[in-house]
Amino acid sequence: MVSSKQANSGASAVQVRPVRSKADRKQFIRLPHRLYADDPNFRAPLDLMVREMMSPKHNPWFEHGEAEFFIAVRDGEVVGRISAQVDHSHIESYDDGTGFFGFFESEDNADTVKALLDAAAGWCSIKGMSKMRGPFTLSINEESGFLVEGFDSPNYIMMPHGRPYYDGLVKAAGFEKAIDLFAWRFNRETLPEHAFELSEMAREHPGVTIRNVDMKNLARDVRIIMDIYNDAWKDNWGFVTLTEAELDKLAREFKLIVDPEMCMIAEVEGKPAAMVVALPNIFEAFEGLDGSLLPFGWAKVLHRLKVKHPKSFRVILLGVREEFRRIAFGGLSVLLYTTIYQRAYDKGYVEAEAGWTLEDNRAINQGMKLMGGEQYKTYRLYEKEI
């Protein structure tokens with residue numbers, strides 16, 4: 001990979017064009033595998049997962065959003081990619097004229113990065129937007145942000161990796177930090193005794209019970225989980241609710257990998273009050289497949305998931321309804337955390353990631369520290385008037 005200085009001093013001009021053909025789309029999807037070929041910590045989703053995410057036929061996000069995908073080409077070689085999108089659910093909620101960019105990957109070249117961002121901003125401007133923010137793939141409910149701290153360890157499921165030069169080159173293109181997102185690392189040894197004490201206080205509170213998600217009624221329980229999530233997160237920066245179609249897709253995908261003992265709903269006198277969702281880090285199962293299930297990748301994935309089992313997991317959702325946040329001094333969230341970690345380590349997991357959390361969410365970040373979490377990765381979102 002060339003450096004910015006080398007690339008800018010003698011390389012030919014870069015051209016950015018929209019993805020139109022199957023060949024363009026394939027190069028768009030395959031680019032990260034080449035850019036991160038020398039990075040042992042890069043974990044990629046399967047190519048078919050990215051292809052479905054880009055497809056209006058398969059991704060219900062397109063029922064309320066529209067997007068354009070671009071590739072940057074120099075001397076016949078794809079050296080960068082980006083998406084530009086407008087989420088009409090976001091516009092309805094915030095009426096702020098903000099479009100978004102995502103799927104960003106690029107060589108270490110200031111001209112390439114600026115050309116990609118300019119192409120996305122131009123598309124957003126044509127759609128009537130006055131600001132662009134990102135990266136999001138495709139929304140805040142998917143992969144979000146550029147990694148700016150924590151390059152020395154692999155990324156987890158639904159979390160991006162990144163290159164250290166992205167932050168400087170995006171700022172050089174006129175973008176400013178919007179907000180940082182934190183990821184937290186846990187292991188068995190870091191769970192402190194006082195967390196278990198607070199957890200027991202919540203468990204003994206009158207009317208508090210915990211149940212696993214019901215796999216026979218998964219669609220129903222996914223809606224309960226998301227109803228709690230919507231209530232718990234409604235005031236958070238950039239929050240956008242999921243649609244019914246997105247929930248249906250989520251339920252179908254969860255059914256393939258979910259462990260019901262790792263996804264729980266806490267009830268108070270029979271009313272859903274809090275929830276936690278943790279998923280096995282399936283990126284472990286994709287290692288070495290180069291993004292493809294063919295010819296024998298599917299067998300390796302099944303063996304790694306069902307026989308070998310992942311050794312890490314990610315807590316992707318945690319929420320407590322506002323009316324229940326003072327139960328046992330706010331102990332419902334700690335009760336769910338300690339329960340899930342105890343179960344996970346009994347199952348043979350050795351490490352976990354929780355997040356992301358917003359940098360300005362003091363309550364949840366303090367809770368992560370209370371639980372013995374280490375803030376080990378930082379992701380950054382950027383914005384610019386266009």
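**Entry 1: Met 158**

I began with Met 158, which counts as partly exposed because its relative accessibility is 28%. The cut-offs I noted are these: buried means under 20% relative accessible area, exposed means over 50%, and partly exposed lies in between, with a 1.4 Å probe and protein chains only. This is a predicted model, in which local features need pLDDT of at least 70, side-chain atom pairs count only at pLDDT 80 or more, and totals for chains, interfaces and linings use all residues. Residues are numbered from 1 along each chain as its sequence is written, and side-chain values use heavy atoms, with hydrogens and water left out.

I then looked up where Met 158 sits, and found it in the loop between strand S8 (146–149) and helix H6 (166–172). Helices (H or I, at least four residues) and strands (E, at least two) are DSSP runs, numbered from the N terminus. The phi of Met 158 is positive, about 65°, although Met 158 is not a glycine. I wrote down the background: most residues other than glycine have a negative phi, and most peptide bonds are trans.

**Entry 2: more backbone angles**

I found a positive phi at Phe 103 too, about 50°, and Phe 103 is not a glycine either. Phe 103 belongs to strand S4 (residues 98–106). Is Phe 103 buried or exposed? Its relative accessible area is 4%, so I put Phe 103 down as buried.

Next I looked for cis peptide bonds. One runs from Thr 137 to Leu 138, with omega near -10°. Leu 138 is in the loop between strand S6 (136–137) and strand S7 (143–144). Another cis bond joins Gly 355 to Trp 356, with omega near 10°. I traced Trp 356 to strand S14 (residues 351–358).

**Entry 3: aromatic rings**

How many aromatic pairs does the structure hold? I recorded 25 of them. By the rule, rings of Phe, Tyr and Trp (its six-membered ring) pair if their centres lie within 6.5 Å; planes under 30 degrees apart count as stacked, over 60 as edge-to-face and the rest as tilted. One of the pairs is Tyr 165 with Tyr 166, an edge-to-face case with 5.2 Å from centre to centre and 85° between the planes. Tyr 165 and Tyr 166 are both buried.

I looked at Phe 313 and Tyr 345 as well: their ring centres are 6.5 Å apart and their planes stand at 65°, so this pair is edge-to-face. The pair links distant parts of the chain, as Phe 313 is in strand S13 (residues 312–320) and Tyr 345 is in helix H12 (residues 331–346), 32 residues apart. Phe 313 counts as buried because its relative accessibility is 0%. Tyr 345 counts as buried with 5%.

I also noted a cluster: ring pairs link Phe 101, Phe 104, Phe 146, Tyr 165, Tyr 166, Phe 175 and Tyr 382.

I placed Ile 91 in helix H4 (residues 88–94). Its relative accessible area is 18%, so Ile 91 is buried. Which residues does Ile 91 contact, leaving aside its neighbours within four places in sequence? I listed Val 86, Asp 96, Gly 97, Thr 98 and Met 129; contact means heavy atoms within 4.5 Å. From Ile 91 to Met 129 the C-alpha distance is 9.7 Å, and the two are 38 residues apart in sequence.

Asn 109 is in the loop between S4 and helix H5 (110–126). I counted Asn 109 as buried because its relative accessibility is 0%. The C-alpha atoms of Asn 109 and Val 14 are 10.0 Å apart, although 95 residues separate the two along the chain.

**Entry 4: the whole chain**

I counted 13 helices and 15 strands in the chain. The radius of gyration is 21 Å, close to the 21 Å from the globule rule for 386 residues, so the chain is as compact as a globular protein of that length. That radius is taken over C-alpha atoms, and the rule is 2.2 Å times the number of residues to the power 0.38. I noted a span of about 70 × 50 × 35 Å for the C-alpha trace along its principal axes.

Of the 386 residues in the chain, 55% are buried. Among contacts with a separation of 6 or more, 77% are between residues 24 or more positions apart.
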